Amino acid sequence: MPVRPLHVGRRPVATTCPYCGVGCGVIATAGGDGEVIVAGDPTHPANHGRLCSKGAALAETLELDDRLLYPEIAGQRVAWEEALDTVASGLARILREHGPEAVAFYCSGQLLTEDYYVANKLMKGFIGAANIDTNSRLCMASTVVGHKRAFGSDTVPGCYEDLDTAELVVLVGSNAAWCHPILYQRLSEAAACSESRKVVVIDPRRTATCDLADLHLALRPGSDAILFNGLLTYLHAHGWLDEGFVEGRTEGFEDALAAARASAPDIATVAARCGLSEVAVAQLYHWFATTERSVTLFSQGVNQSSSGSDKVNAILNCHLATGRIGRPGMGPFSLTGQPNAMGGREVGGLATTLAAHMDFGDAACARVQRFWQSPTIARGPGLKAVELFEAIAAGRVKAVWIMATNPAVSLPDADRVNRTLARCELVVVSDCVRRTDTTAYAHVLLPAATWGEKDGTTTNSERRISRQRPFLQAPGEARPDWWILTQVARRMGFAGGFPYASAGEIFREHAALSGFENQGERAFDIRGLAHLDDPAYDALTPIQWPVPHPAHQGTARMFAGQAFHTASGRARFIPVQPRPPAAAPSSANPFVLNTGRIRDQWHTMTRTGTVPRLTAHIAEPRVEIHPDDAADLGLEDAGLARLSNATGTMLARVHLAEGQLPDTVFVPIHWSDRFAAQARVNALVAPVTDPLSGEPEFKHAPIAVAPFRPVWHGFAFSRTPLESLAADYCVRIPGRQFWRYELAGERDGVDWAAWSREHLAGAGEWLEYQDRGARRYRAARLLDGRLQACLFVGPTHDLPTRTWLAQLFAATALDGAARASLLTARPPADQPDAGPTLCSCFGVGRNVLIAAIQRDRLTTPEAVGAALLAGTNCGSCVPELRALIDATLHPAVATLVTRG
Ligand code: SF4
């Protein structure tokens, strides 16, 4: 089924990228032939026309192959009426028999604000509990707590322009080069324009972001609060406080300073406790103290910690102490992970917020109930994500409705979450994808519209509300999430509260609630947008809240001269007593596991994992480990490792990384059971959370690492997807016109001829080679001379290059030489191995780049771009290009050549 454009003719539609919190504007143009062209929106203030590798590949994510197109009950297609009746009656029965606390919604930062608003209203105002939480709990909840403690509101004070004009940018726990690439590019451009500008990266890993760093502090994992407490001590001791601001605009300084001094009295102590050199710490402190225009960007490396809230406040304390907040070029700045994490926070999508940035006080509850005219109202916070799934496991929550997220992969203790979902009395899943690890547990599956089909708004990291506009017709019977929620609410007897016929109608109500009985005490106020009619809503251009009246043009910065949203109107310093991570490494689990994103994948890969060019950069789950640790363990680069602890186990490809601290490893978060066997890293993460925010400690899980030594290695290519491949290690990788499977197993004696006939079965001619002594097997199936499938097996991972075989799948027919090369497993001499793709826009492989850099002495990314185009489109690979140039022009170049 091809995608169908919404508009006749090639009408460009301005919309917003559905991935990270940068919130880039996108121009999408759909043709009648189903072709979609995507480009950056030059008028959008977040990206000025740029897109990163993920955004640039958006058009390739619109295939309908694995879409959920129709409602299902128990795996069988049903009509919408039946599915909605089943959900409504199921929720109503559990509500009646067990009360409101037995029902829960688990939402997502992928939802649009309008979807979120309806879900929150249904749960808190009509079901009557606050058990609605979201996957944003997993990435930004600690910042919410930090903001609310310091400012009295969950407010990001600054805007992206501050990144352009800052003279010092400190990135803490943020690999922006890969996770927020367009902001990274803004930083990079600003750095190129100012010789005096400094960039500091604070991160245990040397990441691609360090390409920009004048100073990289590879601090001991979990020691961030000590470093920032030390900065507060230093600022005070050396007379760098803005005493007027501290005196006139804040409270609690003395207590915060006392706590800082107690844990971080001087540079020597800080350096020792953080595992840093005194010179490096002193340099950071000196630069921060002497640079008025300082921005501190922080992200999941700070938030995803059992003391994440305190880490956030340790950072905010330093900005309050210097008065560097709300003015151009300065301020603390949290980078949100998801496209609409902020929108979820605004409507009350977190169980700890009521609605429109209101908490659960009596007055607020009465106000919201009055506004909603609802029969009930939640009176206190609900269950946070990890608690929510624990309550399901304990049987206290009996029905969960999961929307646009994949908790079977993304929550900590993922194996237990899987077992929990299997036992839950009623699991409803709304998703656009038919097969995720989570949909496997759904009693009822509801097909949701997705990016390109949905209509609504998102809010990015700088409080900017942008429109997501549809340009495609929703396929099959897919419907917007707000519509699905509305239909269920009506069937539960709440028709009066859910009259919505459009996203615009919901937005107006949301905007009106933000201004309802708000005399300025609530920061989130967009009442100025409450009267947009449908055409005006459709035409809404990106705008930063607050927007307190209709003529208002939005608010770039907060708190410059205005009161904070605390009772006193003053910002609050928070005393921070640094705590170590919840679990320390031990003799059984001596390595610290840190998890995070990679450049070209998004979350659990349901969208990006099917795009060949996005999987070409890093194709398999991997563990990054310091070469010395690897040598001690007997691990080889590109070999396999087993990671384990009491919580779970996983297998991953070994990647030697000099930038990894000894005794630590990094593993990407993305792989799920759908894309790999035994590769869910969150199976290794214990459900330990920050006591205030409920955010899990994804950055610090003690584990054991050991070689995984299968007796056979192999890979298969097939034009059609293969199912149920019995292999201990199995990764599914999309290619152009084929699927590739990387395989390895511990069981000897496999009958490979039988295996290929079973799994690669089909019409055509077989080519086959077997050397039992060498334990090698090769087989290929051709139809009309065209390669259909092939299998290569051997005792080691040193098998033929995959890039060569991928090229054979593009050929219309294989000649004699190509057939012979298949059986000898030797590519022709004129087809060298391009290596893993580094530039995904132009498909340029690492080995091709190395050869060109050596041959032509290419010394800059610009020179590489001129020669090979690499890095000249989205620019996401430029930090890696620069690193490759440095490494290639170094004498140890021979170690760089990598097999693809
Ligand atoms: Fe999308 Fe990339 Fe922009 Fe993030 S930086 S919003 S992923 S284009």
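Ala489 is buried, at a relative accessible area of 0%. Here, buried means under 20% relative accessible area, exposed means over 50%, and partly exposed lies in between, with a 1.4 Å probe and protein chains only. Ala489 belongs to helix H20 (residues 481-491). Helices (H or I, at least four residues) and strands (E, at least two) are DSSP runs, numbered from the N terminus. From Ala489 to Tyr769 is 280 residues along the chain, and their C-alpha atoms are separated by 62 Å.

This is a predicted model, in which local features need pLDDT of at least 70, side-chain atom pairs count only at pLDDT 80 or more, and totals for chains, interfaces and linings use all residues. Residues are numbered from 1 along each chain as its sequence is written, and side-chain values use heavy atoms, with hydrogens and water left out.

Turn next to the ligand. The residues around the ligand are Cys17, Tyr19, Cys20, Val22, Gly23, Cys24, Leu51, Cys52, Lys54, Gly55, Pro181 and Ile182. A residue counts as near a molecule or strand if one of its heavy atoms lies within 4 Å of it. Helix H1 (53-56) and helix H7 (181-193) are the elements that give two or more residues to this shell. By type, the shell holds nine nonpolar residues, two polar and one charged. In this count Ala, Val, Leu, Ile, Met, Phe, Trp, Tyr, Cys and Pro are nonpolar, Asp, Glu, Lys and Arg are charged, and the others, Gly among them, are polar.

Pro18 lies in the loop between strand S1 (13-16) and strand S2 (25-30). Pro18 is buried, with a relative accessible area of 3%. Gly55 is 37 residues from Pro18 in sequence, and 8.3 Å away in space, C-alpha to C-alpha. Gly55 is also one of the residues around the ligand.

Helix H2 (residues 80-98) comes next. At 1.5 Å a residue, its 19 residues should span 27 Å, and its end C-alpha atoms are 27 Å apart, which agrees. The expected span is 1.5 Å times one less than the number of residues. Trp80, Ala83, Leu84, Val87, Ala88, Gly90, Leu91, Ile94 and Leu95 are buried in H2. Viewed down the axis of H2, these buried residues fall within an arc of 155 degrees, so they line one face of the helix. The arc is that of the directions from the helix axis to the C-beta atoms. After H2 comes Gly99, with a positive phi near 90 degrees.

Some backbone geometry deserves a look. Most residues other than glycine have a negative phi, and most peptide bonds are trans. His357 has a positive phi, near 65 degrees. His357 sits in the loop between helix H15 (341-347) and helix H16 (362-372). Its relative accessibility is 16%, so His357 counts as buried. His603 has a positive phi too, near 45 degrees. The loop between strand S21 (591-596) and helix H23 (612-615) holds His603. At 19% relative accessibility, His603 counts as buried. The peptide bond from Trp545 to Pro546 is cis, with omega near 0 degrees. Pro546 is in the loop between strand S19 (543-544) and strand S20 (571-572).

With 63% relative accessibility, Glu658 counts as exposed. Glu658 and Ile625 are 33 residues apart in sequence, and 7.8 Å apart in space, C-alpha to C-alpha.
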